[in-house]
Amino acid sequence: VHHRMLLMKTTPPIVCLTIAVAVQGFAPLHQARHHFPSFASLEPAALRMSSNPLEELLSGVFKSGTKAKTEPEPEPELPDVVIEPDFKLAAIFLGLGVLLDTIPYIQLVLGPLVTVLGLLFLVQTFRIRFTFDKEAFELKQGDSLKDIGDNIVVGGANRWTYDSFVNYDFFPEGWIDQPQGPILVYFKETQTPSDNWNEGPGKSANSPEAIANGAVPGQVHFFPALCNTKQLRSEFERRGCAKLD
């Protein structure tokens with residue numbers, strides 16, 4: 001006994017550790033499985049998630065770079081517009097007529113003529129309305145917007161589609177941005193049958209010389225500036241009416 005105790009005291013610690021591990025190795029099978037995980041459990045998580053890591057990587061890149069395609073929103077339709085009447089032209093002609101009526105000799109011819117024009121412009125300003133709808137520019141009658149009837153010069157409805165415009169302008173040139181405003185509004189269109197294009201002022205507007213200088217053939221229209229011409233110009237532009245530079 002004394003000899004055994006002496007042996008235990010002299011055994012190095014490393015030997016004791018080796019014996020303990022050896023004893024642990026003889027533990028029952030279910031205990032060993034409990035303490036030592038299987039080889040399958042040591043498999044890397046990335047390998048368990050995908051059998052092809054490159055495919056997963058490329059798939060993620062393309063998915064992150066792909067954006068849902070959205071169809072372009074349709075342009076909102078422009079509302080119908082009635083141009084505001086403007087009595088400025090009638091007031092100018094009536095005032096000028098009264099002034100001319102006080103001048104000898106002129107009061108016999110020019111004064112009454114200008115006064116009559118002023119009265120005509122006044123009545124027409126109350127009567128005529130310039131309107132824009134989804135398809136065309138049209139002249140109407142009164143605030144109730146009644147049909148005004150056929151055009152007295154070339155016949156047909158006083159209605160012209162926007163795509164038939166080839167030019168428009170205001171005369172005298174540059175007066176639209178002046179306080180007094182222009183006297184005449186001009187536009188040319190191709191909706192009217194071409195047989196009528198050379199009637200009235202259209203004869204010079206469609207002459208070979210005018211065409212050579214850049215004019216586009218069409219039916220010419222003039223009317224007095226009885227409305228808000230700046231608003232009228234704005235609507236011509238918004239509706240895409242063609243204008244020569």
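I looked up Phe137 first. In this predicted model, Phe137 has 0% relative accessibility, so I log Phe137 as buried. Buried here means under 20% relative accessible area.

Next I listed the contacts of Phe137. Leaving out residues up to four places away in sequence, Phe137 touches Phe130, Thr131, Phe132, Asn158, Arg159, Trp160, Tyr162, Phe165, Phe187, Phe223, Leu232 and Phe236.

I then checked the rings. The structure holds 21 aromatic pairs. Phe132 and Phe137 make one of them, a tilted pair with 5.0 Å centre to centre and 40 degrees between the planes. Phe132 is buried as well, at 2% relative accessible area.

I turned to Tyr168 and Phe236. Their ring centres are 4.8 Å apart and their planes meet at 45 degrees, so I noted this pair as tilted. Tyr168 sits in strand β6 (residues 165–171) and Phe236 in helix α10 (residues 229–238), so the pair ties together parts 68 residues apart in sequence. Both residues are buried. I also found Lys243 over the face of Tyr168, at 5.8 Å from the ring centre.

I traced the aromatic cluster. Its members include Phe132, Phe137, Tyr168 and Phe236, along with Trp160 and Phe187.

Last, I went through the largest nonpolar core. It has 29 residues, and Phe130, Phe132, Phe137, Leu232 and Phe236 touch the most other members. Elements that each supply at least two residues include α7 (110–127), β2 (128–132), β3 (136–141) and α10. Helix α6 gives the largest share, four residues.

Technical notes: Residues numbered from 1 in each chain as written. Predicted model: local features only at pLDDT ≥ 70, side-chain atom pairs only at ≥ 80, totals over all residues. Heavy atoms only, no water. Phe/Tyr/Trp six-rings, centres within 6.5 Å; stacked < 30°, edge-to-face > 60°. Buried < 20%, exposed > 50% of the residue type's maximum accessible area, 1.4 Å probe, protein only. Lys NZ or Arg CZ within 6 Å of the ring centre and 35° of its normal. Core = buried A, V, L, I, M, F, W, Y, C linked by side-chain atoms within 4.5 Å. Contact = heavy atoms within 4.5 Å.
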